[in-house]
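Please consult the sequence and the model alongside the text.

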Amino acid sequence: MKVWILIFFVLIANQANSQLKNQRCFVCHGVKNFGIVEQGKFKSLYVSREDFEASVHSKFACVSCHVDVRVIPHLTKPRKIHCLQCHFEGNVVGAPVTAKPEKYKESVHAKAVAKGKNAPDCKDCHTVHYVRKPEDPNSSVYKTRVPELCGGCHQTIKEEYYNSIHWAGIKRGELSSAVCSDCHREHDILPPEDPRSSLNPKNVIGTCDKCHSDVKLMKRVGVPVTNPEAYKESFHGIALKFGVVKAANCASCHGYHDVLPSRDPRSPIHPANLAKTCGKCHPRANENVAKGKFHVLPGEKESGIVYYVYTFFKWFTLIVLIGLFTHIVLDLVGHIRRKRKKASE
Amino acid sequence: MTAERKIQRFSLSWRIQHFLLMVSVTLLIITGFALKYHNTWLGRFLIFLEGGFEARGTLHRISAVLLFITAVYHLIYIIFTREGRAEFKELLPMKKDFSDFVESVRYDIGKNEKPPMYGRYSYKEKIQYWFFFLFVVLMILSGIVLWFHNYFFGVLPKWFFDLSQALHSATATLIITFLVLWHLYLVHLSPSNFPINTSFWDGYVSEEWLRENHYLEYLAKVNPEGKDKGEDEQ
């Protein structure tokens with residue numbers, strides 16, 4: 001509470017001449033090669049004034065966050081600051097509060113940080129001084145920059161992803177295409193073993209489905225939209241729904257980071273690679289598995305012979321139903337009529 | 001001569017075959033229905049009742065083996081036993097069945113005064129037998145492909161599995177339609193059988209029932225002359 005009141009007063013006191021104060025900070029920190037040597041290593045203390053002033057925090061004074069800097073130049077190293085210093089429920093500076101920090105606490109990253117491992121927290125993705133809105137193309141978390149951002153640590157996966165159709169889509173300007181955060185989520189990144197994870201075998205379908213059942217989007221990018229629906233009606237889909245996690249989900253056949261369309265020879269679902277892909281679970285699979293369509297819906301004309309058999313049986317069943325029903329009704333009507341006749345005689 | 005005037009219509013072998021068919025097909029329908037309608041509350045309930053998704057599959061396969069045994073038993077019966085051959089002959093469609101059908105409709109709509117004279121099996125029962133014959137063949141064939149897909153993956157093209165699946169599902173729907181509508185009517189709901197024709201269990205029908213429903217068979221069985229003429233030993 002004390003700290004809180006202190007922050008409040010400091011903020012009020014600094015608001016009026018914030019520009020002036022920031023100007024004073026930039027006297028040193030605005031110099032490109034300003035820094036110190038710490039443990040034998042050069043550490044830059046440069047802050048780009050231009051970028052800071054384009055950030056969402058531009059209207060704040062440096063000392064609004066660095067509250068322990070009382071005199072400029074400051075002689076001691078300022079304490080580390082944290083985003084939650086302002087972004088907490090009930091703050092008076094108008095810092096937006098969301099559930100994201102709470103979600104982050106559940107994530108693999110937060111847990112690794114808690115164990116003392118080198119893992120990202122807020123600043124590693126959102127930057128320290130240059131936080132912009134995610135919609136801002138210059139934001140560190142702008143959609144097209146996400147793979148580079150995550151790839152900073154996850155390098156091999158980044159390279160795999162850069163081979164994928166999703167990245168090709170982004171490069172082409174199709175911003176609905178998936179980047180890391182679309183499947184892994186942004187803040188509540190959980191391990192696939194966690195039943196709440198978007199990557200848990202039971203949730204993978206829903207994760208892909210989010211975009212791949214979107215009729216408008218799939219039409220725009222030329223991807224068949226009925227595939228998730230057909231999958232859900234297939235043996236794999238039904239088994240998975242009832243908890244048989246060994247059944248194939250989307251990623252089992254399509255891959256994930258380097259997902260590619262079937263026309264690409266590198267894709268696991270390219271006809272030439274199908275035997276190997278199906279063979280992962282069905283050891284006798286050979287080139288026969290490539291003879292036919294996948295994600296077949298019997299009611300769709302594209303399904304070929306399956307469609308014709310299905311349609312024939314549909315009508316045949318209906319005819320049989322009507323025929324038998326008519327015969328039964330005739331029999332019963334005849335029976336009743338004869339009974340009445342007998343009774344009247 | 002029996003005092004209650006009962007006549008044996010179905011042999012023990014016939015009744016065992018019917019019983020096996022009844023049990024296996026009922027189990028197959030219940031377990032298959034659960035899979036087909038997995039999206040509905042009934043499907044989910046049935047899967048729960050059957051002990052979960054994988055247990056449902058096992059139960060379906062056990063029932064399938066039972067049906068397969070029944071089918072083999074039936075084939076042996078109609079090929080290698082005298083009784084079976086005679087029964088099968090009675091079940092073969094004949095010209096008379098078509099005229100019987102016309103006669104029966106005329107009788108129902110009041111054009112004819114008397115019903116057609118049916119033999120051991122009327123066209124209604126023959127339709128049932130042959131439909132079921134076809135169903136069982138289709139179901140066993142497509143079922144084997146689906147059950148042993150891991151083996152057949154090396155032999156059959158992918159579309160054949162889709163076809164088998166569609167066929168299995170469509171035929172099942174047809175079987176259910178047929179059973180619920182036709183079989184239920186023939187042996188339960190039709191006026192002369194209501195509420196149930198018990199001959200599937202003990203093999204006996206009353207003399208009166210036989211005379212009313214299978215007049216020619218009645219003659220063959222009760223009339224000694226008919227007995228001499230008939231190839232059926234009983």
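Cys253(A) is partly exposed, because 19 other C-beta atoms lie within 10 Å; a residue counts as buried with 20 or more other C-beta atoms within 10 Å of its own, as exposed with 12 or fewer, and as partly exposed in between, with C-beta atoms placed from the backbone. The residue belongs to helix H16 (residues 250-254) of chain A. Helices (H or I, at least four residues) and strands (E, at least two) are DSSP runs, numbered from the N terminus.

Residues up to four places away in sequence aside, Cys253(A) touches Ala248(A), Pro268(A), Ile269(A) and Thr277(A); contact requires that the C-beta atoms of two residues, placed from the backbone, lie within 7 Å. The C-alpha atoms of Cys253(A) and Thr277(A) are separated by 6.2 Å, although these residues are 24 residues apart along the chain.

## Basis of the model

This is a predicted model, in which local features need pLDDT of at least 70 and side-chain atom pairs count only at pLDDT 80 or more, while totals for chains, interfaces and linings use all residues. Residues are numbered from 1 along each chain as its sequence is written, and chains are lettered from A and ligands numbered from 1 in the order in which they are written.

## Helix H18 and annotations of chain A

Helix H18 (residues 305-344) of chain A has 40 residues, which should span 58 Å at 1.5 Å a residue; its end C-alpha atoms are 58 Å apart, in agreement with that value. The expected span is 1.5 Å times one less than the number of residues. Val306(A), Tyr310(A), Phe313(A), Asp331(A) and Gly334(A) are the buried residues of H18(A). Their cover includes helix H5 (95-108) and helix H8 (158-189) of chain B.

UniProt lists a "transmembrane region" (unreviewed entry) at residues 312-333 of chain A. In the model, residues 312-333 of chain A are 100% helix and 0% strand, with end C-alpha atoms 31 Å apart. UniProt positions follow the numbering used here, feature names are shortened, and annotations may be inferred rather than shown by experiment.

## Architecture of chain B

Chain B contains 12 helices and 2 strands, in the sequence order β-α-α-α-α-α-α-α-α-α-β-α-α-α. Its C-alpha trace spans about 60 × 40 × 35 Å along the principal axes. Of the 234 residues in chain B, 27% are buried. Among contacts in chain B with a separation of 6 or more, 61% join residues 24 or more positions apart.

The 25 residues of helix H6 (residues 123-147) of chain B should span 36 Å at 1.5 Å a residue, and the end C-alpha atoms, 35 Å apart, agree with this. Buried residues of H6(B) include Tyr123(B), Ile127(B), Val136(B) and Met139(B). The buried residues of H6(B) pack against H3, H5, H7 and H8 of chain B.

## Interface between the chains

The contact takes 36 residues from chain A and 32 residues from chain B. On the side of chain B that touches chain A, helix H3 (53-80), H5, helix H7 (149-152) and H8 each supply at least two residues. H8(B) gives the most to this side, with 14 residues.
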